[in-house]
Amino acid sequence: MENIFAGLEMLARWDVMMALFIGSIGGVIIGAIPGVGPAVAIAILLPATFSLDPIVGLTMLLGIYGSSMYGGAIPAVLINTPGTAVNALTSYDGYPMTKNGEAHRAVSLAYSASFWGGIFGIGCLILLSPVLALIAPMFGSREIFLAALLGIILVILAHRGQIFAAGLLAMFGIFLQTVGLDPTTYTQRYSFGYSFLSSGVNLIVVVLGLFALSQAFFLLTSPDDSPDAKPITGKMGAGIKELMKHKRVATVASAFGVVLGMIPGTGEFTAQFMSYTYAQKTSKDPDKFGKGSPEGLIASEAANNAVPAAAMIPLLALGIPGEALTAMMLSVFYVHNVIPGPQLFQNNIDLVYGLYFALIALNIIVMVFLLFSTNLLTKIIRVPTRFLGVMILLLSFVGVYSLRNSLTDCMIAAGFGVLGLILKRLNLPIVPIILGMVLGGIMEVKLRSSLPRLKTPLDMIDRPITAILFALILIVVGIHIRGLIKEWRAEPEDDEHNISDTYQR
């Protein structure tokens, strides 16, 4: 109980509540504007959070992360343009409802499902916290190294059809974190005598370049657009009653979000597709999916909003981020010398509970805000894209320069911005670079600290947890190789059928 009261006391601070309101409402607005997204906003705000207390900075970032998907549903439903990438499936059934004159019903259902998924995910996180507190101290250097290795493998394999490119980009990220001073021997690596490389490549500079500046360049080089979203009428709270008719779909979709949110590299997209498929297969009216099915809309929104709370589990328990947004939050921990992992639950349990209560509060704040301000947000959707590009460009360079008052950092960020733009144009993933930098650093430190205790390679997996993690790595790689072999065997059969069909014609 003492920990609960300590968490509530931390949340009751005026600066924490202010950060929570700014993050929650700002996240909704950012999510509602197509072309921005939470990654861009968090990247821009990161330098500002370093001067704040850990709970204040993290609460603001959590507010943006957790609330952006609420806002992203609005343009997905009204103009068939997802505000954030993870709201793509929302448009499958939300926009047909709008065309049928049921815009208020679709938006209300999206809000209600998002709230259900968010609270469900937080409840699972709170229930799992005692388990995390017991398991976390069992993780030593070897366990964390293998967990990070499993994470980076899952991140690579999650990019189906782009695995080779994702692997190369992850290795590029791992290489970037080796530049500068060696953390063990204190010698220079890959700095080539340049003073600006002696302190390494700053993660925040790379994040701002790859996410914020690349998006600014993308918007500025694309045709100017000003989406038209018409105001909607009707009771926004009506969706809560309809949601209760589909409690099973909402609960199962939220469970998918929790389970897959804990697994690095999977996250919202996989959870959405699995929950949407489940809802369609178990529905009494499967033909309505894609044409305005309330079950499809609920499955999509409940799944993606359950992920943020679940993604905090590996971050808090092991210090291992599962995707780019939690990797950015990890940097806030590091700046304040609060190291997520086994010691966090022992030394900073009040901070952990404070984050739990902040997640609950942000969902309530966002839900109340949306019930009364949806039509205001439809006007924000109409902001011209090139104006957004200029604003993102300006704020990004201000953020980069404020880190160390360095023009060199601005030039490095611009270089990564161009790289990010190229990757976007080629439809290649950016996330593996960031996770490669973060997880690569964790892997290097933990591996080098565990090597003096090893006499043979098998000593690396002589503990129960290391053996389980190593087995999981083998299983994941084995399943992927098996899938590749099946695809390879299927291709000659397809070619034979095509040749046979051509010959018969």
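**Asn-427 counts as exposed, at 59% relative accessibility.** The terms used for such values are buried for under 20% relative accessible area, exposed for over 50% and partly exposed in between, using a 1.4 Å probe and protein chains only. Asn-427 sits in the loop that joins helix H18 (407-425) to helix H19 (431-450). Helices (H or I, at least four residues) and strands (E, at least two) are DSSP runs, numbered from the N terminus. Although Asn-427 is not a glycine, its phi is positive, at about 60 degrees. A word on what you are looking at: this is a predicted model, in which local features need pLDDT of at least 70 and side-chain atom pairs count only at pLDDT 80 or more, while totals for chains, interfaces and linings use all residues. Residues are numbered from 1 along each chain as its sequence is written, and side-chain values use heavy atoms, with hydrogens and water left out.

**Tyr-190 also has a positive phi, of about 55 degrees, without being a glycine.** Look for Tyr-190 in the loop between strand E2 (188-189) and helix H9 (203-221). With a relative accessible area of 44%, Tyr-190 is partly exposed.

Of the 505 residues in the protein chain, 54% are buried. The protein chain exposes about 22600 Å², and 67% of that comes from carbon and sulfur atoms. Accessible areas are computed by the Shrake-Rupley method with a 1.4 Å probe, and for residues only the protein chains shown count as cover. Contact here means heavy atoms within 4.5 Å. Of the contacts between residues at least 6 apart in sequence, 79% join residues at least 24 apart.

**Helix H4 (residues 54-78) crosses helix H5 (residues 90-99) at roughly 55 degrees, and their axes come within 7 Å.** Here is some background for the helix pairs: two packed helices are described by the angle between their axes and the distance between the axes. Axes are lines fitted to C-alpha atoms, for helices over the stretch in contact, and the angles between N-to-C directions run from 0 to 180 degrees. H4 and H5 are therefore oblique to each other, given that angles under 35 degrees count as roughly parallel, over 145 as roughly antiparallel, 65 to 115 as roughly perpendicular and the rest as oblique. The crossing of H4 and H5 is right-handed; the rule is left-handed if the near helix is turned anticlockwise from the far one by less than a right angle, and right-handed if clockwise. H4 brings Ala-73, Ala-76, Val-77 and Leu-78 to the contact, where they meet Thr-90, Ser-91, Gly-94, Tyr-95 and Thr-98 of H5. By class, this contact of H4 with H5 has five nonpolar, four polar and no charged residues. For these classes, Ala, Val, Leu, Ile, Met, Phe, Trp, Tyr, Cys and Pro count as nonpolar, Asp, Glu, Lys and Arg as charged, and the others, Gly among them, as polar.

**H4 also packs with H13, at an angle of about 175 degrees and with the axes 10 Å apart.** That makes H4 roughly antiparallel to H13. From H4, the contact draws on Leu-62, Tyr-65, Gly-66, Met-69, Tyr-70 and Ala-73, and from H13 on Glu-301, Asn-304, Asn-305, Val-307, Pro-308, Ala-311 and Met-312. The contact of H4 with H13 has nine nonpolar, three polar and one charged residues.

**Ile-74 belongs to helix H4.** At 1% relative accessibility, Ile-74 counts as buried. Ile-74 and Ala-106 are 32 residues apart in sequence, and their C-alpha atoms are 9.2 Å apart in space.

**Ser-293 lies in the loop between helix H12 (267-282) and helix H13 (294-318).** With a relative accessible area of 2%, Ser-293 is buried. Leaving aside residues up to four places away in sequence, Ser-293 touches Asp-93, Met-97 and Lys-288.

**Gly-37 is in the loop between helix H2 (14-32) and helix H3 (38-49).** Gly-37 is buried, and its relative accessible area is 8%. Its C-alpha atom is separated by 8.2 Å from that of Gly-72, 35 residues apart along the chain.

**H9 and helix H14 (residues 324-335) pack at about 150 degrees, with their axes 11 Å apart.** H9 and H14 are therefore roughly antiparallel to each other. H9 passes H14 in a left-handed crossing. Leu-203, Ile-204, Val-207 and Phe-211 of H9 make the contact with Ala-324, Met-328 and Ser-331 of H14. By class, the contact of H9 with H14 has six nonpolar, one polar and no charged residues.
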